[in-house]
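Student: I have a new model open and would like to go through it with you. Could we take it one question at a time?

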Amino acid sequence: MRETIFTLILGLVAISTGDEGVQPLTTKTWLGDMNFLNGINWNLKRRPCWKDRAILPVSLELAVRLPDGDTALRQLVLPRDGEVLLPKRGALTVSDTENLQTIAGKSCPGEDIHFLRSKIPLWADPDNWDGHNTATPDLEAIPCATDKVLFPDNSFSILMPDTPPRVAALNVFGMDYEGRTFSDLVTSDVGRAAFLRASRGSLPEVHITGRGCGDATGCECNNEPLRSAVCDAVYTRCTATRHCLQPVLPHGNCCPICGGFVLLKFTPSFKLEKFREYLSEKFGNRDVNFFASKTNGLIQVVFLERGEYEGKIDDYTKELKEAASDLKNLGLEFIQEFAAGPYVSEASFTSVAGLLIGLLFLALAAFAIIFCVHTEECKVPSNGQRRQYLFAVFENQGEEVELCKPEAETPAVPPRSRRQAFDNPMYGAAAQETLTTDADSVEKEDDVGDSDEGESDTNGDFPSSMEENNHIYAAMETIDLLGKIDGTHEEENVNANDT
């Protein structure tokens, strides 16, 4: 007898020792059904009653199933495109008389109530799962690899992501499934109607591991492969962050939030469930939601105020930071805190935006003035006339510049006094000195050319250096000779005609 008792004691010790590191499975229940009686599916967050006017969406991708039993309504507005499945056992009564009260047997406010669901619910949408609060990161609000998934009702359809999710256990219609049996489920008529996939041609998959979390320090969610699908589902519902100075982005979240989070380092003695109990005792009676989990090898605690943001997040993060002795006893060490800062009204945002726009315009105006002063592009001559320029012929073989013969009334143009943005290597100081000298030589050669015009074989209107080195002047001389020949022929023809 003593040996039997000793054996039982050892067995109990072994069981308690073995279960110490095993965390209980977290159950996440599917909420995205098309049930007519599910209050989540209606805008007033309650089921319709006998005096209500129930309005279904104009277009429905899935059929809405009416519950078994008697259903009484004042009016039922049907969709233009969709299906409504009548109950197998029961009746639907639509009337505007008081006789409906005898059927329903309770009071009803008599309001217009709208059915919200019109599209196929997504596995990757956190709003379709329970078991989380507003502080839970998006990737951890859907089933994690160590969670149990429960589908309690058979009136649902779900759109599965392309990346197969991983869960510890799966219960559909009250029956537990594992990998092989789930494959049989999705190939059945019920399974094909319930589990859908965007990319047709392949069956939806769920990897069922059958293993929970065996680490007392906690297990990571491991939903990073589903980030793209989750963020696509929540981007349109990102909470506005205009009321906080600096929104923060916790690990696992898709959108910045007006909240805060704290990162902690843990030791082997740390236990995640015990830390969650500590947070419930410390912040459970405050107007703040919180969520603690393991992510990226650290412990993260996210804080988010309930209701409108008031800027008290700094108080919660600092309070946890200053509880160093408690954290040490729990096997934790503070690393870093992040907070969204004080409350900022929309009027403050408007005034700040106006100030920034005004400063931008002032900066542009100052830049334009500096540019005009530096480049002198904005200066206008005092006499209101444009500057006159003299075209010059540049010698590519040297630094000298020779001018075409100016007309008699055209004065010699002095060197330009305008400041240049850069020095032209082909028109430098040597060219400036040659400019005046060549102009004087042109006038002298013009006088000499008038007296020696008959003796010279070349055109005296051009300097000799141009005749030797410039092909343009040679072409001009040829044109001039051809013109003289044509003039001689014309004179001979005129004399012949006179004779």
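Student: What is the relative accessible area of Arg286?

Tutor: This is a predicted model in which local features need pLDDT of at least 70 and side-chain atom pairs count only at pLDDT 80 or more, while totals for chains, interfaces and linings use all residues. Residues are numbered from 1 along each chain as its sequence is written, and side-chain values use heavy atoms, with hydrogens and water left out. Arg286 is partly exposed, the class between buried (under 20% relative accessible area) and exposed (over 50%), using a 1.4 Å probe and protein chains only. For Arg286 the relative accessible area is 28%.

Student: Which residue forms a salt bridge with Arg286?

Tutor: A salt bridge here is a side-chain nitrogen of Lys or Arg within 4 Å of a carboxyl oxygen of Asp or Glu. For Arg286, the closest N and O atoms of the bridge are 2.9 Å apart. The partner is Glu319.

Student: How many residues apart in sequence are the parts that Arg286 and Glu319 tie together?

Tutor: Helices (H or I, at least four residues) and strands (E, at least two) are DSSP runs numbered from the N terminus. Arg286 sits in the loop between H7 and strand S17 (288–295), whereas Glu319 belongs to helix H8, so the bridge ties together separate parts of the sequence. Glu319 is partly exposed too, with a relative accessible area of 23%. The separation in sequence is 33 residues.

Student: Which helix holds Lys321, the salt-bridge partner of Glu337?

Tutor: Glu337 and Lys321 bring their closest N and O atoms to 3.7 Å. Glu337 lies in strand S19 (residues 332–339), so the bridge ties that strand to a part 16 residues away in sequence. Both ends are partly exposed, Glu337 at 23% relative accessibility and Lys321 at 37%. The helix holding Lys321 is H8.

Student: How many residues apart are Arg74 and Asp112?

Tutor: The side chains of Arg74 and Asp112 meet in a salt bridge, N to O at 3.9 Å. Arg74 is in the loop between strand S4 (69–73) and strand S5 (75–77), and Asp112 is in strand S8 (residues 112–114), which makes this a link between distant parts of the chain. Arg74 is partly exposed at 30%, as is Asp112 at 39%. Their separation is 38 residues.

**Aromatic rings**

Student: How many aromatic pairs does a search of the whole structure find?

Tutor: Rings of Phe, Tyr and Trp (its six-membered ring) pair if their centres lie within 6.5 Å; planes under 30 degrees apart count as stacked, over 60 as edge-to-face and the rest as tilted. Searching the whole structure gives a total of 17.

Student: At what angle are the ring planes of Phe275 and Tyr278?

Tutor: Phe275 and Tyr278 are three residues apart in helix H7 (residues 272–283), which puts about one helical turn between them. Phe275 is buried at 0% relative accessibility, and Tyr278 is buried at 14%. Their ring centres are 6.3 Å apart, and the pair is stacked because the planes meet at 20°.

Student: Which strand does Phe303 lie in?

Tutor: Phe303 and Tyr316 form a stacked aromatic pair, with 6.3 Å between centres and 20° between planes. Both Phe303 and Tyr316 are buried. Tyr316 lies in helix H8 (residues 313–322), so the pair ties together parts 13 residues apart in sequence. Phe303 is in strand S18.

Student: Which ring has Arg276 over its face?

Tutor: A charge sits over a ring if NZ of Lys or CZ of Arg is within 6 Å of the ring centre and within 35 degrees of the ring normal. Arg276 is 5.8 Å from the centre of the ring in question, which belongs to Phe291.

**An exposed lysine**

Student: Which residues is Lys45 in contact with, leaving aside its neighbours within four places in sequence?

Tutor: Lys45 is found in the loop between strand S1 (26–29) and strand S2 (53–55), and at 57% relative accessibility it counts as exposed. Contact means heavy atoms within 4.5 Å. With those sequence neighbours set aside, Lys45 touches Gly39, Ile40 and Leu116.
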